[in-house]
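Please keep the sequence and the model in view while reading.

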Amino acid sequence: MSVQSPAGELALTRLPGGTLVVRLAGAWRLDHGLPPLDELRREVRKATPAKIAFEGEGLTHWDSAVVAFLAGASTLARDSGIPIDRSGLPEGLGRLLALAEAVPEKDDAKEGSNIDDLVHRLGEKAIETHRLFRSDLQFLGHLALAVGRAFRGKARFRGSDLAYLIQQNGFEALPIVTLVTFLLGLILAFVGAIQLQTFGATIFVADLVGVAMVRDMGALITGIIMAGRSGAAFAAQLGSMKVTQEIDALETMSISSMDFLVLPRIAALFLMMPLLTLYGDAMGILGGAFVGVSMLDLSLVEYLFQTADAVSMSHVVGGVFKGSVYGALIAIAGCLRGVQCGRSSSAVGEAATAAVVTGIVAIIVACGVFAFAFYVLGF
Amino acid sequence: MADPGTNGATPPAIAVRDLTMAYGDFVLQRDLHFTIDVGDIFVIMGGSGCGKSTLLRHLIGLNEPAGGEVFYGTESFTHAPPRRRAEMLRRVGVLYQSGALWSSMTLAENVALPLGEFTTLSEREIREVAALKLALVGLAGFEDYYPADISGGMQKRAGLARAMALDPEILFFDEPSAGLDPLSARHLDELIVELRDSLGSTIVVVTHELESIFAIGTNSVFLDAESRTMIATGVPTELRDHSEHEQVRRFLRRGEA
């Protein structure tokens, strides 16, 4: 029996003594595929040979394709208890095979075989979740202590760090906040206009956009932007500082990373989010006004007066308050995932992803709680 | 537990007593028992993955022992309350494997941070001391560079300048020559010996670099990955020539037992 690939040749012949000769000839290269092991397996299964001898004198070219085939064949022979004879192989090939077999496979090196069953995996997952939850709580506890220190004026961080973070997460976020909130105001105006036009009450688009933006949407959408922008950045910054041992270096100098790294980040977002929210509210109202003026035949003054009538101070204060809470939540989520980051570069990416997910979930949940609480309080 | 160091005239810099290191259920090393004397250049050696760097993390409190104790002088570091621990660590400087400079700060700010935290020096004095420390490691004039702007070898030296900021009594080095070319590695070795001689510091080095081990080590401990414990301690050159353990001799002679 023989198999031919574009260049190489594999022939299996049985000698009278029960020896199976595996003859490789021509050029076997990885890009032409491996010599088929199945042929050999079928042949061995047909009748167990007394010995398998490899012949490679006709090989004009060989590479790892042949080595992989021979290693597989050797394992096959060993498993069936058949002795093998490699003396007919080129010297280099024999040496490579010896190298591959020099260190026997470690039994515990292959992971996953016993983790495949469902109960085991469920258990591992539960333990992991429990561990993560404990470390979340631990972080919040340490954070509470650090905030306490900050109020007593004992927390140690650099003012220049805080200033830089405020610039990064306040001023430099303005363009994206402008774009998104303006468009959101525009979208709300369109949605409202379609409904209100049927009643001939298009002027109430101003009420709709104004109240929606100022009460909830301004803070919420700014929060989501900042979760993607700052939350991910915080997690990646702290995570990579962990990988490069910068956090270890702080700890061994008895400088709390909670004080030095986490507090200024939370402070920066807590301070900047209300301002960004206010700014986003204004941009959203402008977006609504753009639709009102250009498509609904309202005058700008008329639109803005209508908005001012609809929006009360308590709406504004409530929205801004929500904004600062979202800011704190985003920063806490980002720092938490950064601090929990593992010690590899792939872990940094995972931490950034987890920070955005945690941050957005946290602000949406908070938004729901606020909506309920404000409704009950009649705010 | 016997108080370590009562047998000698001066207490040791660090004493490790029956230390066991573990990650969860997995025991990395057990029954580590050795003493680092003042003025030693103590080498922690062993093959890859045997727990050398983890041992260093235990010595500086970044990992908690699963069993046993670490003493600084005659005082237990493992059982010290957090505030006392912080005080003990103030006498210690660490050079991390990658330098671990704070990347958002300039070299001078890196060195200045511990000075600002733990001394009463004025800003101008701090700036002067930081410049001096950088000059000591051959980085005069690089005060305002950021870590990303300089080479790996320079980052390591800057990390050393920061580790020396508070004139520590004990300096830890994690793989100091890793990633350095042979010349820079040798300069760093010379610098380590110079620091010991001039400042009288005790030096603890984690390394598997044989040249360094023989050039600077005055005492050592060998961690064996197979038996998961220390199998030898002593002067490196003597271990090479006379150790009763074949693994130790093979390691120190690059495989030629």
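Ala100(B) counts as buried because 27 C-beta neighbours lie inside 10 Å; the term applies when 20 or more other C-beta atoms lie within 10 Å of a residue's own, whereas 12 or fewer make a residue exposed and anything in between partly exposed, with C-beta atoms placed from the backbone. Ala100(B) belongs to the loop between strand S6 (92-95) and helix H3 (107-118) of chain B. Helices (H or I, at least four residues) and strands (E, at least two) are DSSP runs, numbered from the N terminus. The phi of Ala100(B) is near 55 degrees, a positive value in a residue other than glycine. Most residues other than glycine have a negative phi.

The model is predicted: local features need pLDDT of at least 70 and side-chain atom pairs count only at pLDDT 80 or more, while totals for chains, interfaces and linings use all residues. Residues are numbered from 1 along each chain as its sequence is written, and chains are lettered from A and ligands numbered from 1 in the order in which they are written.

A positive phi is also found in chain A, at Gln245(A), where the angle is about 70 degrees although the residue is not a glycine. Gln245(A) sits in the loop between H7 and H8 of chain A. Gln245(A) is buried because 23 other C-beta atoms lie within 10 Å.

Helix H8 (residues 246-252) of chain A contains Thr252(A). This residue, Thr252(A), is buried, with 23 other C-beta atoms within 10 Å. Which residues does Thr252(A) touch, not counting residues up to four places away in sequence? They are Ile60(B), Leu62(B), Leu89(B), Val92(B) and Val94(B), where two residues are in contact if their C-beta atoms, placed from the backbone, lie within 7 Å. Within its own chain, Thr252(A) is 57 residues along from Gln195(A), and their C-alpha atoms are separated by 63 Å.

The contact between the chains takes 11 residues from chain A and 14 residues from chain B. On the side of chain A that touches chain B, three residues are nonpolar, four polar and four charged. Here Ala, Val, Leu, Ile, Met, Phe, Trp, Tyr, Cys and Pro count as nonpolar, Asp, Glu, Lys and Arg as charged, and the others, Gly among them, as polar.

The next topic is helix packing. Helix H4 (residues 118-151) of chain A packs against H9(A) at an angle of about 85 degrees, with the axes 10 Å apart. Axes are lines fitted to C-alpha atoms, for helices over the stretch in contact, and angles run from 0 to 180 degrees between N-to-C directions. H4(A) and H9(A) are therefore roughly perpendicular to each other; angles under 35 degrees count as roughly parallel, over 145 as roughly antiparallel, 65 to 115 as roughly perpendicular and the rest as oblique. H4(A) contributes His142(A), Leu143(A), Ala146(A), Arg149(A) and Ala150(A) to the contact, and H9(A) contributes Met258(A), Asp259(A), Val262(A) and Leu263(A). These residues divide into six nonpolar, one polar and two charged.

Helix H9 (residues 257-295) of chain A also meets helix H10 (residues 300-310) of chain A: their axes come within 9 Å and cross at roughly 135 degrees. That angle makes H9(A) oblique to H10(A). From H9(A), Ile285(A), Ala289(A), Gly292(A) and Val293(A) meet Leu300(A), Tyr303(A), Leu304(A) and Thr307(A) of H10(A). Of the residues in this contact, six are nonpolar, two polar and none charged.

Helix H9 of chain A also holds Leu269(A), which is buried, with 32 other C-beta atoms within 10 Å. Beyond its neighbours within four places in sequence, Leu269(A) is in contact with residues including Asn169(A), Met226(A) and Ala331(A).

The final topic is the cores. A nonpolar core is a set of buried Ala, Val, Leu, Ile, Met, Phe, Trp, Tyr and Cys residues joined through C-beta atoms within 7 Å. The largest has 142 residues, and Ile14(B), Leu134(B) and Phe172(B) have the most contacts inside it. Helix H7 (residues 205-243) of chain A supplies the largest share of this core, 18 residues. Another core, of 16 residues, lies apart from it and includes Val22(A), Trp28(A), Ile52(A) and Leu89(A).
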